[in-house]
Amino acid sequence: MSGIDALAARIRADLGPDQVLTDRQQLRTYECDGLAHYKVIPALVALPRTAAQAAAVVRACAAAGVPFVARGSGTGLSGGALPHADGVLIVTSQLRDILEMRPADERAVVQPGVINLQVTQAATPHGYYYAPDPSSQQICSIGGNVAENSGGAHCLKYGFTTNHVTALEVVTPDGELVRLGGAAPDVPGYDLVGAFVGSEGTLGVATEVTVRLTRLPETVRTLLAAFHGTDQAGAATSAIIAAGVVPAAIEMMDALSIEAAEAAVHCGYPAGAGAVLVVELDGPSAEVDAQFDEVTALCEKNGAFEIRVAADDTERQLIWRGRKSAFAAVGRISPDYIVQDGVIPRTALPEVLRRITEVASSQGVRVANVFHAGDGNLHPLVLFDDRVPGEAERAETVSGAILDLCIEYGGSITGEHGVGVDKARYMPRMFSDTDLDTMQLVRCAFDPDGLANPGKVFPTPRLCGERPGRRQGAFEHEGAEVF
Amino acid sequence: MSVLDDLAVKAGDDDVVCGMPARFVAAPASAREAAALIAAARDLTVVIRGGGTRLQQGPPPRDLDLIIDTRRMAGVVEHAAGDLITVVRAGTPMAELHRLPGQQLALDAPAGATAGGTVAANTSGPRRLRYGTARDLLIGITVVRPDGRIAKSGGKVVKNVAGYDLGKLYTGSFGTLGLITECVFRLHPVPVTTAVVRATAAPTHVAAVLSAQLAPSAIEINAAPGAEPEIAVLLEGTPAGVRDRAATLARLLGGDVTTEPPSWWDTPPDPPGGLALKLTATLSRVPDLVAAAVGAGLTVRGSAGTGVLYAGAPAGADTVAEVVASVRAAATAAGGHAVVLSAPDGTRDGLDMWGPVPGLDLMRRVKERFDPDHRFAPGRFVGGI
């Protein structure tokens, strides 16, 4: 029996025969996540139904020295859940119960396979919701959100997954079930929940997540403002921020992404718009009404030629539909495209947009731009036709150049999609060797054998070397004399 | 001359941490100098000192050769108002960051506290209800590791998921993982108008304030044995909005609208030589925990709207262990924790000041990786870390 066969037998015995897949056709279903141009067929897939079963799978992997990768709904856009060819893919979709709904504590306890939107749906009757709202919230899982520290359109005001997770139960890479954090705030000790959220599956597998519930706002008001170009829309965004308003969301789309959204979902955005802003304010009516007038005036002052205010929920959803469909919609105007995710300081927006246009035209490639304008998170969509020789490479060049621009302007190579397998090679452009080495000290503390999602986040793994407890040679600092 | 000879001076009478005197004190002026100092101090045990506002809290270090004072590493490096961020050196007084032009770091801290110390001690105050705590507002960090290497994580943009978030790990690490030299914070606009609604009301009324649509920035309580319990709520926003919300809230609580917070606002009870605790609870159990603490003779204040309370009493040394045990049991039952911040002389050794902590084994493993020789604040942290 080969190593993998023995491992499959052990996991089958621990879980159940129908919870382990080894048939190549079935395994192929899991060969990629949302970033479909990376494909690897895993050696086997395990589908645990309880936290104890998930721990048993990891224990079996640890004993056999076999790597494992956790996967939620597989919607990730950086290849974070890309399987390991010789490893086990642990799919959390069977861990799908909301365990506790505690509105009086502003907490819910859920399993990792629960879908993001289900938490909000379960909390809404109590007057609460789960604030992080990635565009994929109808299908993405809370466990995946924890791994990626997912954001969403409303994180400008409400923060990211990391600001809304207070406790975790995790399987450590040696197969132990451990609780981190708590339902109450400020749990004593290192903030290991904070370290774990966003670690992209490299520190273990979350099996239970305690999330913060947020009070549904009394009022939500949404407007769509059409501008002649992105410079004006950017100036309006800056003016809103400078006025001291913190909207729940400010989203921008440029002409090409508007064209795509129009073709796909007929959102009816104003004709001739070179850019649109979607601005949403929420909170107590007494505050929102005053601020909404101010935002409207600032949009007009900065050149908005048409402003539509959503009169009700239906109109609000119509405004959002164009924005939320933008990624997929680009498929209507281009056979292939790369979804990029980078961050710049908001104030650099006009300059960076000009430079993206320059790079794109120098390569003969079109770029559609969709942004979370309020926090400087860019989602340029680089369009290409794979059938045209060389075009995919040129698109890749433009996509990489956009990340270099983000770094040059003091931003980040990823605002919400994660590093995964896709951007690990860019990490050294943003961080020094020592920075990456320091992050991997945490990795070594959790996973000294490097079995949890290897090959992701870090371009080169750190050898964890000597086990804790033994003295390491102190680092000799440049120029420092030692007495 | 070594860096140590250059920078370290003999400790004075005040260079003491929880009763443990230091041998030397050094105040580096830059991250680079601090890194050289730490590399040169490889055989010394170290405690880091900012404004010293929390230095006498918690267990004493097992050993103390060198205090590294951060206050020469001060100043705002950058305030990008349009991007709502600031980059500051660790020794910068928080007071400076509370009044940046038109903006603020919305993180309450006691007078004299530094930015680095506030992060290291995870200090927060009333406005955490609206703005969160250091972990939510810190978006980038630079540290000197115990081996003397300079490392950073995060950056200057709020939205950023590249790499591990070491800022979270260093927040509340009490100097046990190395020296914080620079912090990048998210800022907020200064509110146009504020109002405080005060009422004589039991902590059970906090739930009604939370579920009303009033978006308070802080909900604080004050309760003590034999006194009427009080609630004070901070509202921030537009003039018209604050006026309307304050009026609604005053009706809800049967209280008054004022411009100033009460004298006990953001003032944890900490009688000299007495007992001081930080207590946490899940929101629905806050009233139970307050009742238990008051029943044990403690004055209780704090952020009832977030489940974080501070309690204190001029307790005699003979009753401390008993009071801590009873209040800790109440906090545990309420889904939270009880941490002893300070205790009468002679009682600290006998107390488990941090109390039980989930995930302690993983925490020890993190400490081993960052500080394998246990030189930084040895014994000051949870589980003797």
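**Strand pairing, annotated domains and the A–B interface**

In the predicted model, Arg301(B) stands opposite Tyr310(B), a residue of strand S20 of chain B. This placement belongs to the pairing of strand S19 (residues 299–303) with strand S20 (residues 308–313) of chain B, which runs in the antiparallel sense over 5 bridges. Both strands are part of an open sheet of 8 strands in chain B, whose order is S17-S14-S16-S15-S19-S20-S18-S21 and whose pairing is antiparallel.

In chain A, parallel pairing is found around strand S4 (residues 88–91). Strand S2 (residues 44–46) of chain A pairs with S4(A) in the parallel sense over 3 bridges, and Val45(A) has Leu89(A) as its bridge partner in S4(A). Strand S3 (residues 68–71) of chain A likewise pairs with S4(A) in the parallel sense, over 4 bridges, with Ile90(A) as the bridge partner of Ala70(A). In a regular strand, side chains alternate between the two faces of the sheet.

The UniProt record, an unreviewed entry, lists residues 38–216 of chain A as "domain: FAD-binding PCMH-type". In the model this span is 21% helix and 25% strand, and its end C-alpha atoms lie 39 Å apart. For chain B, the domain listed by UniProt under the name "domain: FAD-binding PCMH-type", again in an unreviewed entry, covers residues 17–190; the span is 20% helix and 28% strand, with 36 Å between its end C-alpha atoms.

Gln103(B) is placed in strand S9 (residues 103–104) of chain B. The residue counts as partly exposed because 19 C-beta neighbours lie inside 10 Å, whereas a buried residue requires 20 or more. Beyond its neighbours within four places in sequence, Gln103(B) is in contact with Ala81(B) and Leu84(B), and also with Leu187(B), His188(B), Pro189(B) and Val190(B). The C-alpha atoms of Gln103(B) and Thr171(B), which are 68 residues apart along the chain, are separated by 23 Å.

Between the two chains, 84 residues of chain A are in contact with 81 residues of chain B. The elements of chain A that give two or more residues to the side touching chain B are strand S9 (177–181) and the helices H7 (192–196), H8 (230–242), H10 (285–301), H15 (427–430) and H16 (433–446). H16(A) gives the most to this side, with 9 residues. By residue class, the side of chain A that touches chain B divides into 37 nonpolar, 31 polar and 16 charged residues.

H16(A) has 14 residues and reaches 20 Å from its first C-alpha to its last, close to the 20 Å expected at 1.5 Å a residue. Of its 14 residues, 11 are buried, so the helix is largely enclosed by the rest of the structure. The buried residues of H16(A) include Asp435(A), Gln440(A) and Arg443(A), together with Leu436(A), Met439(A), Leu441(A), Val442(A) and Phe446(A). The cover over these buried residues includes H7 and H15 of chain A, as well as strand S11 (150–154), helix H7 (166–170) and helix H12 (360–370) of chain B.

Notes:
Residues numbered from 1 in each chain as written. Chains lettered and ligands numbered in written order. Predicted model: local features only at pLDDT ≥ 70, side-chain atom pairs only at ≥ 80, totals over all residues. Pairing = 2+ DSSP bridges. Contact = placed C-beta atoms within 7 Å. Nonpolar A, V, L, I, M, F, W, Y, C, P; charged D, E, K, R; others polar. UniProt positions renumbered as here; feature names shortened; annotations may be inferred. Buried ≥ 20, exposed ≤ 12 C-beta atoms within 10 Å, placed from the backbone. Expected span 1.5 Å × (residues − 1).
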